[in-house]
Amino acid sequence: MIESLLQERRTFPPPESFARAAHIPSAEAAAALRREAETDPDGFWLRQAAQLVWRRPPTRALDASCYPFVRWFDDGELNLTESCLDRHLHTPRRNQAALLWEGEPGDTRVLTYQQLHREVCRTANVLKSLGVRCGDRVVLYMPMVPELVVAVLACARLGATHSVIFGGFSAEAIRDRILDAGATCVITADGGWRRGKIVPLKQNVDAALRHCPQVRAVLVVTRTGESVPMTPGRDHFYADLVRGQSAVCPAVPVPAEHPLFILYTSGTTGKPKGVVHSTGGYGTQVALTTRWVFDLRDGDTYWCTADIGWITGHSYVLYGPLLCGGTTLLYEGAPDTPDKDRFWDIVARWGVTILYTAPTAIRAFMRWGDAYPARHDLSSLRLLGTVGEPINPAAWTWYHEVIGGGRCPIVDTWWQTETGAILAAPLPGATPTKPGSCTHPLPGVALEVVRKDGTRCNDNEGGYLVALRPWPAQLRTVWGDPDRYRQQYFSDIQVDGRPVYFTGDGARRDEDGYLWVMGRVDDVLNVAGHRIGTAEVESALVSHPDVAEAAVVGRPDELKGQAIVAFVTLRAGRTPGPEMQAQLKQHVVHEIGALARPEEIRFTEALPKTRSGKIMRRLLRELAAGGKVQGDVTTLEDLSVLQRLATSADEE
Ligand code: WTA
């Protein structure tokens, strides 16, 4: 305890040489920005929006007349691909690399801005030929290949709303998302490479589409060259259709509020939530944060290791760097293929200057040992970033010393699928950092730590992290379910009698005003940086014919942050045991994907419930963590359940 306190007290001022050249070079510059954003928020955000290319520039910033439903830059019109691509074509940037790509087998490709623009136009023309129009939804289920970036931007070029599904989700999960989004077109690949094996993407799409009659067209990118079954009339090879397409495709201007994309994420119910992001507000804040937080500039080789299937990939692999005219690196595969130094090999060979990754990855690298990074010259790095979960001081220190050579600032960025862009992070040329703290909300952002009753917490008092004011990149709604948007985010906490956005996270501010995010306080787990709802895993488990009831909780895990533990009651006459455990784990993989596979399954005759029938997860969490139940159990309906659960745990 004392040790951790000591560690938390360390502060790291921005290195002078870094600050001198930074976009925001000093604490004074940062304070001036904060003042500007506080005194004239509308003017501030309109000036930021003006950094994008608009067909019709907006004259208004926030419209909160239907709060909590908000609109930003409402009377503006744009096509975001013009800000990502077209504007660079008349400058020397056209011959700069937009994308650097490395496949897992070691093949590489580089696309300049000019080349990327042409590919996007040709692909947009392909989509048009398949009947995709402005407002249609297109689902992408692809490996991390250049064609994924091209396909995302081709959708945006036409005003079609893209929905990327992470390649680790199963056919069942794809089906649910396609149906919920009402998608009519799917873009996939024959497969992708992961640890030397082929991920059968097309096969999963085929299984999903058995239940999605509204999907008219499937575009299949060739990646592995494996033969895949093609359904005549519906499935087309991308290479066949793109051949002969014109490299000119006018961008379709859309209103600022037009949905750029839907991204499904986990919530507190079993049904995945389609988080809807706008075009103008999202683009504005993502571009801005890329410049501010990553200090991106010409000459940088920027590598965010996230998959484009997650929000981090959307905002900081794809849109952010391209909106800033940067060079973004994509890597297709696993960090330990062919060996555990793959990341460092990539950093050295491409001369990566900015590296953005997750604490769970950093902890794995730490465990693998210093010898792997030591094989490579990492001196090109100038800035490091983390995202996805709180970073423990030991991992922070290792990252700082072993990877950053002690010279690179670390930006610990707090944000969510719903926030679209980073909301809290250091400004690397201006903010002294403390290991494990995401420091302060960015200028223009109003995050606060409050009690359940909406009053502000004292210094170092843990509370709920809320946003007091809307921000441009915030989600606009839950696709097809505006009630869920209001209910999920705006019904828990009121400040001064007004509902505020609740993040689902617990946090505290220290005596210096630094923000320490402690993790989720709702029933959402963070497993290896992936968000997984306990309710989703539960509903997958109870869909198994042998399961009567299930409760899923997280157990602290050194490497993954949290591990999934499921308490399962079987139907009468079914036999618990290792075989059943294996079967149920496989069932969850089948229903959701390998990322949701429970680490442990415990069988129990009954689950601890309150008199009103609510499962007492707190007790299960305590049991799962290996401890005895210590908290208050007076609301428990049947005390003997606890006794029996504890005994069954002891027997394992
Ligand atoms: C957690 C990922 C502490 C948090 C961009 C949040 C973090 C959830 C941090 C969102 C951080 C993300 N420090 N916790 N720097 N960044 N989180 O939607 O619990 O996949 O609510 O978005 O990750 O996860 P999501």
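Two residues are in contact when heavy atoms of theirs lie within 4.5 Å. The model examined here is predicted. Its mean pLDDT is 94, and 95% of the residues reach 70 or more. Residues 1-7 stay under 50 in pLDDT. For this stretch the model has 2 contacts beyond four places in sequence. Where pLDDT is low, the predicted coordinates should not be read in detail.

Threonine 419 was examined next. This residue sits in the loop between strand S20 (410-412) and strand S21 (447-450). Threonine 419 has 0% relative accessibility. The cut-off for buried is under 20%, so threonine 419 counts as buried. Neighbours within four places in sequence were set aside for its contacts. Threonine 419 then touches His277, Trp414, Trp471, Ala473, Gln474 and Tyr501. Isoleucine 311 is 108 residues away from threonine 419 along the chain, yet their C-alpha atoms are separated by 9.5 Å.

The ligand is surrounded by 17 residues. The closest are Asp412, Thr413, Thr417, Asp505 and Arg531. Nitrogen atoms of the ligand take part in several polar pairs. A polar side-chain atom of aspartate 412 lies 2.7 Å from a ligand nitrogen. With glutamate 389, a backbone N or O atom lies 3.4 Å from a nitrogen atom of the ligand. For proline 390, a polar backbone atom is 3.5 Å from a ligand nitrogen.

Helices H3 (residues 27-39) and H4 (residues 41-49) also meet. Their axes come within 5 Å and cross at roughly 115°. H3 contributes Leu33, Glu36, Ala37, Glu38 and Thr39 to the contact, while H4 contributes Pro41, Phe44 and Arg47. By class, 4 of these residues are nonpolar, 1 is polar and 3 are charged.

How values were computed
Residues are numbered from 1 along each chain as its sequence is written. This is a predicted model: local features need pLDDT of at least 70, side-chain atom pairs count only at pLDDT 80 or more; totals for chains, interfaces and linings use all residues. Side-chain values use heavy atoms; hydrogens and water are left out. Helices (H or I, at least four residues) and strands (E, at least two) are DSSP runs, numbered from the N terminus. Buried means under 20% relative accessible area, exposed over 50%, partly exposed in between (1.4 Å probe, protein chains only). Axes are lines fitted to C-alpha atoms, for helices over the stretch in contact, and angles run from 0 to 180 degrees between N-to-C directions. Ala, Val, Leu, Ile, Met, Phe, Trp, Tyr, Cys and Pro count as nonpolar, Asp, Glu, Lys and Arg as charged, and the others, Gly among them, as polar. pLDDT is the predictor's confidence in each residue, from 0 to 100. A residue is near a molecule or strand if one of its heavy atoms lies within 4 Å of it. A polar contact is a pair of N or O atoms within 3.5 Å; within protein, one must be able to donate a hydrogen and the other to accept it, and residues adjacent in sequence count only if both atoms are side-chain atoms.
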